[in-house]
Structure formats: C-alpha cells, structure tokens
Amino acid sequence: MVDPFGRSIRYLRVSVTDRCDFRCVYCMAEDMQFLPKRDLLSLEELDRLCTVFIEKGVKKLRLTGGEPLVRRNIMSLVRSLSRHIEAGRLEELTLTTNGSQLARYAGELADAGVKRINVSLDTLDPERFRALTRRGDLAVVLAGIDAAQKAGIAIKINAVALKGVNEDEIDDLIRFSHGRGMDLTLIETMPLGEIDGDRTEQYLPLSLVRRRLEETWTLAASGHRTGGPARYFTVAETGGRIGFITPLTHNFCESCNRVRVTCTGTLFMCLGQEDARDLRAPLRASEGNELLAAAIDEAIARKPKGHDFIIDRDHQRPALGRHMSVTGG
Ligand code: SAM
C-alpha cells in the first residue's frame with residue numbers, strides 16, 4: 001500500500017475497544033459515554049480485518065484502545081494474530097497499555113510472540129497517579145511492569161508531559177525507566193476530544209522540557225528510529241534513550257507509515273484529521289475479502305499529507321471532536 005505522497009503503509013494500529021478502566025484527565029471526561037457493545041467488531045471480525053491489512057503489506061500491528069487488555073477475551077485475538085508472526089508475514093505484534101492488567105496477561109502475551117510493549121505511565125507518585133487517572137492504582141501498574149519484564153517483554157514507557165502536573169517528575173521518570181532498562185518517550189498533549197479541564201493549561205512544550213533536562217543530563221541526538229514520530233536522544237549518564245513526540249511544535253508527517261482502525265471498523269488515515277472510511281460495511285457485506293481490500297485501497301489513496309493540530313485558545317475547543325481512546329493514539 002503506497003499513498004499519493006509515496007509513503008508505504010506498513011504499520012496498523014487497531015483500537016480494540018473504546019473502553020478503559022482509567023479516566024486520565026487529559027484523555028477522557030469523567031462521565032464518558034462509551035459505544036454500545038453491539039456496535040463493536042467481534043474479535044473474529046477484527047482478526048479478519050487485520051489479516052487483510054497484513055496481506056496488503058502491513059508488517060507491524062499495534063493493539064490499543066481504550067485499554068486493549070480490558071476487552072473480554074482479548075487474548076484469543078492476540079493468539080490468533082500471532083500466527084502471522086510465526087508465518088513470517090508480520091514482523092511485530094505489540095500493544096499499548098496502561099499496565100493495569102499486565103500482571104495477569106504478561107506470560108500469555110510473551111507466549112504469543114509479543115516482544116515489546118508500550119506502557120503509559122505519567123507519574124510515579126501514588127496519589128498523583130490516582131488523581132491523574134481518576135481511578136488507577138500505581139502499585140498494580142508497577143507489578144504489571146515487573147511481570148512483563150520477568151516474562152522477557154521489552155517495555156517503553158510513554159509519559160504525557162503536563163504543565164503543573166508531572167513536569168517536576170521528568171528526572172524521576174528518566175531514572176526509573178533507564179534504571180530498569182526501559183526507554184522513555186515524552187508526549188505533548190494533543191487537542192483530541194472534549195475533556196473536563198482546559199487543555200491550554202495542561203500544554204507543556206517539550207522544547208522547554210528538553211532545555212530543562214539539558215541542565216542536568218547530557219543528551220546526544222540518537223539515530224534510533226522506530227518508524228514513528230519520536231525523535232530520540234541518548235542520555236549519557238544513564239545510557240538509556242529518551243524520545244520526544246511533539247505533534248504541536250514539530251511536524252512529523254513526512255515519514256508517516258501508519259493508519260488506524262477503530263473498534264467499530266472505521267479507518268482513519270491520519271490521527272489529526274477527520275477523514276475516515278468505514279470498513280465494517282464492506283467487511284460484513286460478503287464472506288470474501290475483495291470489497292474490504294478495495295475499500296482499504298480507496299482510503300489509502302486519500303491519506304492526507306499531514307495534520308494541522310492547533311489548540312484553540314480562543315474558544316477552548318479541541319482541534320478534533322473524537323477522543324484519543326477512539327483511535328488509540
Ligand atoms: N489505554 C492504553 C494506554 O493507556 O496506553 C492505550 C490507549 S491510550 C489513549 C494511548 C496513549 O495516548 C497513552 O499514552 C495516553 O497517555 C495518550 N493520550 C491520551 N490522550 C492524549 C492526548 N490528548 N494527548 C496526548 N496523549 C494522549
């Protein structure tokens with residue numbers, strides 16, 4: 001699959017549920033209305049959809065959400081998709097998780113060929129963690145990280161940098177992550193979906209964070225690339241890597257190789273644009289995959305050149321109405 005700008009689409013992110021057991025303040029409103037379960041693709045349909053993408057050249061598949069590990073029976077999908085790894089068609093099967101269910105699933109994930117995962121962790125302070133996630137338990141997440149590492153799964157920690165919330169903890173997050181052999185990626189808040197708070201108050205430019213970090217740490221630009229939007233640096237003092245994802249201050253679209261499918265089968269060609277293509281109807285219209293494959297081709301031909309996120313300071317409106325939990329970031 002090659003889009004009109006010559007970018008080869010090899011990375012699919014699939015949001016398997018919009019539900020989450022946390023309500024992170026920058027991500028969701030307290031009283032989120034989730035989709036009725038009947039609107040969701042079944043796990044068999046998700047498998048079929050992913051398989052068609054893999055047949056069309058996707059090499060990396062990431063399950064996300066919502067919280068992917070709260071979808072009932074999710075491991076049956078993971079196990080089923082792992083056949084593509086065994087057959088050499090898929091290079092990587094991975095997921096992004098808040099870690100709350102990891103202690104339970106780490107062993108099974110490793111058995112299914114999951115070698116690396118991203119765990120979202122914004123603070124190491126138990127009370128802050130509870131306040132930020134509105135219901136999470138830090139100790140449970142830390143136990144999940146332990147279990148995953150014990151199972152041999154490599155972890156990258158993702159932390160959203162939030163003004164006045166965790167900006168004083170970035171050094172600790174570096175020490176924690178690198179001390180356990182995990183990379184750390186910092187993410188700027190993106191203006192997606194209505195939340196209860198004011199996003200302009202949460203926004204912390206990573207250019208500022210980086211300048212501050214350079215007072216304590218020696219950062220050397222690293223050639224490390226994951227095909228994603230992060231720019232990496234090596235921290236001389238720890239030997240670990242720190243990545244910066246800066247959607248508002250830096251345009252990372254020129255090398256974008258990814259598309260996203262929601263749990264209802266909607267294909268988004270860009271995280272920062274509204275344009276989407278329904279794949280559920282062609283998926284359900286026939287038992288063969290021709291209609292589905294044609295719909296995917298038609299959508300890839302519309303993949304936009306880039307996004308234009310902007311936090312609307314005058315009207316306090318998000319740039320896009322949908323929440324990150326719809327497309328999974
Ligand atoms: N539940 C899983 C998790 O916590 O990683 C997967 C879904 S979550 C939506 C994926 C990532 O998006 C998390 O790292 C979360 O912190 C981040 N995120 C959510 N809303 C965001 C926003 N408005 N701006 C930037 N990152 C956001």
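Helix H1 passes helix H2 in a right-handed crossing, a term used when the near helix is turned clockwise from the far one by less than a right angle, anticlockwise being left-handed. This is a predicted model, in which local features need pLDDT of at least 70 and side-chain atom pairs count only at pLDDT 80 or more, while totals for chains, interfaces and linings use all residues. Residues are numbered from 1 along each chain as its sequence is written, and side-chain values use heavy atoms, with hydrogens and water left out.

The axes of H1 (residues 43-55) and H2 (residues 74-86), which are lines fitted to C-alpha atoms over the stretch in contact, with angles from 0 to 180 degrees between N-to-C directions, come within 10 Å and cross at roughly 25°. H1 and H2 are therefore roughly parallel to each other, a label for angles under 35 degrees. Helices (H or I, at least four residues) and strands (E, at least two) are DSSP runs, numbered from the N terminus.

In the loop between strand E2 (60-64) and H2 lies Asn73, whose phi is near 65°, a positive value in a residue other than glycine.

Turning to the ligand, 17 residues surround it, the closest being Tyr26, Gly66, Glu67, Ser120 and Met190, where a residue counts if one of its heavy atoms lies within 4 Å. A polar side-chain atom of Tyr26 lies 2.7 Å from an oxygen atom of the ligand, and a backbone N or O atom of Gly66 is 2.8 Å from a ligand nitrogen atom; such polar contacts are pairs of N or O atoms within 3.5 Å.

Notes: A polar contact is a pair of N or O atoms within 3.5 Å; within protein, one must be able to donate a hydrogen and the other to accept it, and residues adjacent in sequence count only if both atoms are side-chain atoms. Angles under 35 degrees count as roughly parallel, over 145 as roughly antiparallel, 65 to 115 as roughly perpendicular and the rest as oblique.
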